[in-house]
Every structure is written in C-alpha cells, then in structure tokens.
Amino acid sequence: MASSTKRPRPRAAEASAQDRSRTAPGAVEPGAVESEAADSGAVESEAVVAEAEAVEPEAVPHVRVAVIGSGFGGLGAGVRLRRAGITDFVVLERADSVGGTWRDNSYPGCACDVPSHLYSFSFAPNPDWPRSFSGQPDIRAYLEKVADVFGLRPHLRFNTEVTEARWDVERTRWQITTTAGRWTADAVVAAAGPLADPQIPELPGLDSFPGKVFHSSRWDHDFPLAGKRVAMVGTGASAAQIVPAIQPQVGKLTVFQRTPAWVLPRRDRAITELEKRLHGRFPITAKARRGTLFALRELQVDAFVRRPGLLKLVQRLAERHLADGVADPALRAKLTPDYRIGCKRILLSNTYYPALAAANTEVVPAGLREVRGSTLVAADGSEHEVDAIVFGTGFHVTDMPMGSRVFGADGTSFAEKWKEGMEALRGSTVHGFPNFFFVIGPNTGLGNSSMILMIESQLNYLIDALTKLDEIGATAMQPTARAQRRWNLELQHRMDRTVWSTGGCRSWYLDKSGKNTVLWPGSTTSFRRATRKVDLTEYELILRSDDRAAPPALSASSARAASSAAATGTEEVMA
Ligand SMILES: Cc1cc2nc3c(=O)[nH]c(=O)nc-3n(C[C@H](O)[C@H](O)[C@H](O)COP(=O)(O)OP(=O)(O)OC[C@H]3O[C@@H](n4cnc5c(N)ncnc54)[C@H](O)[C@@H]3O)c2cc1C
C-alpha cells in the first residue's frame, strides 16, 4: 500500500495554482494536433513569452515535465509524453541540434553495432535503412526526422545546458538552472546519456603536448590526418571503428592497448532496393525482421547472465577470426585477450585486425603513461613520437556528471548519495528525488542488444507514473528506501553469476569498488515486464495540498486505464 508524505506548503497552493496555469515558453497546450505543433509552436511561444513578460517580468517559466537531453532517450520521451496527452513539456539540450550520441560521435567509421531495424524506435520504423548496420550519418538523420514527424520541434530548447536541478520541498517542484535561464517543473526526465561525457585520462605532460589532441566523440574534422603520425589511445568499440578508417591515410598509426578486445565478424551488407520496397509497402515484413533480430539477441542472454560457459563456442569463433586476420604470431599473441569473451564488450569488425596488421601500424601492448613533448611514453617504457593523439578512452559512466548537479529533497546530490555506487529502483527512480525519472539509469545497460529496447521500457514506466499521479491527484512520487534496497540486492545477487563478474576482466561496466552499476543482468523482455507498470506499493506519494485525504489505492479499472493510456499510439512510418 502506498504511504503518503504530507508537507506544509504555506501560501504555496495559491502561488502554485497561478504558476501552474502559466505555460512555459515552447510548451504546447494539451490537445494540440501533432502535425500542427511544429508550425504553431513558435508563434504560440512568442505570444506566451510576451504575456508572461507583461504580467511578471521576472517570472520563472513552469512546465509539467522538463526533459534533459535530445538523443534517443529525450526524443522518445517527447513522443511518449505527447501521445499520453502531456504537451506541457520542454526538452533542454546543451548542444545545438538533436541526436545525442549520433550527433557527437562523427569520427571516421562511426556506425552502430546493432542492426538498424532493431536499433530504432518500435513506433517509428524506417523501411529505408541503407545498410544492415547503419552508419552515424543515417542514424542522426533518422533522429532529426523523428523530431519533425512527431512534432517535437516546438518543445526543443537548444544551447541550454542544465547546470543544476534542485527539488523544492515547499513548492513540490524542481528548480532548474540552465545556461539559458531558469525553469521550474513538476517532473524531470533525465535522458542525459550514459555515454555523453568524454573521459580523457589525466596524464603527466599532456598539457604541453605540441600536437593535436582530441577525444573520439569530439572529432576535429579540420585536422588533416594524411601522412601524420597518429596515436590511438584505447582499443574499445570506437577505436575498433576508427583504426581501420584512418590507417590507410596516416603516415604511422601507434595503437596503445591496455587490454585487447574479443572481436567477431561483422555481418554488414547493403539493404537491397527490393527489401526497402517490401518493408515500405508491407510493414509486417519490417516487423518480422525486427522480431527475428530481437529474438536472436534474447536467446544469447542466458549465456551472458547465467551460463557463461556456453560462451566458449563463441570464443572459438573469435579466435578463428583473429587467426584469419593476423598472420604474425607475435602480433596475434598481443591481440589475444586473457579473459572470457563477453566480459568486456564484444567488438564487431572485419577490418580491425587487417588494419592492426598493416605495415604502418604498431600495436603497443600497454597503456599510455606519460607525455614528454611530442614523445609518448607507454606503461612498458617504450617511447613513440607522434603528431596527434586521439583518445578512445570512453566516457564518464559510473560517475555521471549529472550526478553532482541534481539535489534531492534533503539537499543531497546524486553524487553524494551514490558514493557507494549508483542505484535506482528499476533503473528509473531514486529515493529522496521525487518525480525524477531516469532514461538509461543505473543497471539498464546491455552487453548484446539494442539500447532502444531499454529506453522504450523506461518510457512505459515514466508514462504510467505520470498517469497514476494524475489519477490519484498526487503531486509527486518517490520510491521507498526499502523497495529500492530490495530491488538492488536482488539485482546484484543475479549479477554475481554473469560473465561480467566472473569472466576475469576489469571493464567500464564496473565502478571504482568493482560493482557493476551499469548493466542489466537479464533479458530485455524481463526488463520490459519489470517496467511495464508502476507498482504503487513501492512508492511514497506526495499530495497536492495539506487538506487532501490519504491517496486512494488505484482501483482495478483505473489501473487498467492508466496502463492503456501509457500503451497508446499508432505507428508512424519514417519513409
Ligand atoms: C560511439 C557509440 C556507439 C554506440 N553504439 C551503440 C550500439 O551499437 N548499440 C546500442 O544499443 N548502443 C550504442 N551506444 C550507446 C548509445 O549511447 C545509446 O544507444 C543511446 O544512443 C543513448 O541515448 P540517450 O538519449 O540516452 O543518450 P545520448 O544519445 O547520449 O543523448 C544525451 C543528450 O543529453 C545531452 N545532455 C547531456 N547533459 C546535459 C545537460 N546537463 N544539459 C542539457 N543537455 C545535456 C547531450 O548533449 C545529448 O544530446 C553507442 C554509444 C556510442 C558513444
């Protein structure tokens, strides 16, 4: 049974009602027709701004929902909010366009490791994917189109970085500070990305390196690589795409490899015109294709999470792939991992090994330790002269930057709260942070399938939560500490058997203490089940005003209504 937390709100009810009736710039009134929203939004927002300025020049705009980020997570949230009839929301984005990961990672060779018919929204199939594994430009274009087709443009606020979000206990709302002004919101959806903030190791001497330095996700396209001596630091998923793309152009490529990765063949091919026409005319065929891709990946989950021994067979395939790609036994030895396949992300490439074996490539089997002028010193003591350094060293994942910017009901930030490791209830909500919903929160990552499946599951949960709040007449909800603890105890118990814990590697899935707070130890189907509906017994509710009785339990019929509202939506074909 849900308990209620009543809070005194002196003069808040009046002020709150007044504020709530004011629509924030860019927020679209409920009922606006999706296709019209894009046209009318700008006009409407200008009118609303003018009105707000005339009445109260310093008023802080209020929205029902503030979404942070406009990648797959933020755009997906926008679509689902609109479909649930919630149009009073803004999407706050620090960059100047949508796309998230697929805007920021424009490095040579950048492409998806999951087939595009699965790495796309279920509600926005694209019959025109050009390849089975699409490249970054195509995925970015797809997201731009999603923003257009689903009428999200009026909600988008670019060049608006959220620098702080603080829960206001008195007024039961979020106070949000951005680089483009302040906002208040009933609820915040954090879709700021699990891999959005690049990590460059602190290396002695790096500041005085005379050449060019950049991270794989902030590629400098103005820097000519031709003939240059380039260092690639790191051998993860981005590096495996960058190395074969730049090796033919550069004079010399020096790859600093702390740990080799297991690599499997990439079954990529162009999608034929016939297939595209078929998928366009008979959407059921695209659905069947997506279903098959989904099922094949779900079948692999058991090996990753319960029976890592089954991965031996896959490891043999990877060994053969290495033998086929690298003739030199000394180089093969350097490139052979000493941990079980799957423990770190498995890379897919047909061109990585040949590029590493090329005459102008040197693999240094050690990390980069120090920079002395233009000389790079590896952990094994070897020295290498270079003109440019490309860091493929990953992202701030277990120390997400958003963590030190968000402060909950008792003034504590996520960063402080998560000193012992990130945790949430069902990857979505955190005790002490009312109405704060993560998209790709703690333990929602995947080792083998499409993150879009996880994002859509979390959006089901979000919409169900907002719908239930409305039905009950409550202002906010937060998980009970007990429910959150129980969820994480069970999750970590399951984690113990996975290949990520037993495979003998140290991956970016683990935090400083060695705890895996990144991956979901189960199938995407089980996560979908776990997030289909909000279980109110796991939550404390905060009521709109003092004089309201304790919230009623949801009746069976209202619960049904809530779930059907969350599941609404026809399919938009992105042709
Ligand atoms: C190179 C690369 C390849 C990948 N390949 C795959 C793959 O093959 N399969 C797969 O499933 N996943 C892959 N991923 C993971 C990918 O990140 C997710 O699949 C998905 O794109 C995440 O979407 P998102 O919206 O949650 O985050 P993002 O796409 O990262 O979007 C987050 C957005 O939030 C914005 N933002 C961040 N902080 C703030 C702030 N404070 N204020 C305002 N805005 C902010 C960012 O600018 C960004 O636009 C890959 C990731 C990378 C980096």
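Which residue in β10 is the bridge partner of Val-230? I started my notebook with that look-up. The partner is Leu-253. The model I am reading is a predicted one.

**Entry 1: the parallel sheet**

Strand β9 covers residues 229-233 and strand β10 covers residues 252-256. I found five bridges between them, in the parallel sense. Both strands belong to an open sheet of five strands. I wrote down its order as β8-β17-β9-β10-β13, with parallel pairing. Next I checked the ends. β8 (212-215) and β13 (361-364) are the edge strands, and each pairs on one side only. From one strand to the next, the twist averages 15°. As background, I noted that strands of a sheet pair through backbone hydrogen bonds, either parallel or antiparallel.

**Entry 2: the antiparallel sheet**

I then turned to a sheet of three strands. It is open, runs in the order β14-β15-β16, and pairs in the antiparallel sense.

I looked at the β14 pairing in detail. Its partner β15 spans residues 375-378, and four bridges join the two in the antiparallel sense. Glu-370 stands opposite Val-377 in β15. The hairpin of β14 and β15 has two residues between the strands. There, Gly-373 takes a positive phi near 65°.

Is Ala-379 buried, exposed or partly exposed? I counted it as partly exposed, because it has 14 C-beta neighbours inside 10 Å. I also checked Ala-379 against Val-364, 15 residues away along the chain. Their C-alpha atoms are separated by 9.4 Å.

**Entry 3: a buried strand pair**

How many of the six residues of strand β20 are buried? I found six of the six, so β20 (residues 474-479) is largely enclosed by the rest of the structure. Five bridges join β20 to strand β21 (residues 539-543), and the two run antiparallel. In β21, Leu-541 is the bridge partner of Met-477.

**Entry 4: the core**

I looked up the largest nonpolar core next. It has 143 residues. Ala-66, Val-189, Met-232 and Val-243 have the most contacts inside it. Helix α13 (residues 451-472) gives the most to this core, with 12 residues.

**Entry 5: around the ligand**

Which residues come nearest to the ligand? Of the 32 residues around it, I listed Gly-69, Gly-71, Gly-73, Gly-100 and Gly-193 as the nearest. Helix α3 (residues 72-83) gives the largest share of this shell, three residues. I sorted the shell by type as well: 17 nonpolar, 11 polar and four charged.

**Entry 6: backbone angles and a loop**

I wanted the background first. Most residues other than glycine have a negative phi. Thr-172 is not a glycine, yet its phi is positive, at about 40°. I placed Thr-172 in the loop between β5 (162-168) and β6 (173-178). Thr-172 counts as buried, because it has 23 C-beta neighbours inside 10 Å.

With 24 C-beta neighbours inside 10 Å, Arg-426 counts as buried.

Ala-327 is exposed, with 10 other C-beta atoms within 10 Å. I checked Ala-327 against Ala-357, 30 residues apart in sequence. They are 8.0 Å apart in space, C-alpha to C-alpha.

Methods: Residues numbered from 1 in each chain as written. Predicted model: local features only at pLDDT ≥ 70, side-chain atom pairs only at ≥ 80, totals over all residues. Near = placed C-beta within 6 Å. Nonpolar A, V, L, I, M, F, W, Y, C, P; charged D, E, K, R; others polar. Pairing = 2+ DSSP bridges. Core = buried A, V, L, I, M, F, W, Y, C linked by C-beta atoms within 7 Å. Buried ≥ 20, exposed ≤ 12 C-beta atoms within 10 Å, placed from the backbone. Axes fitted to C-alpha atoms, helices over the stretch in contact; angles between N-to-C directions.
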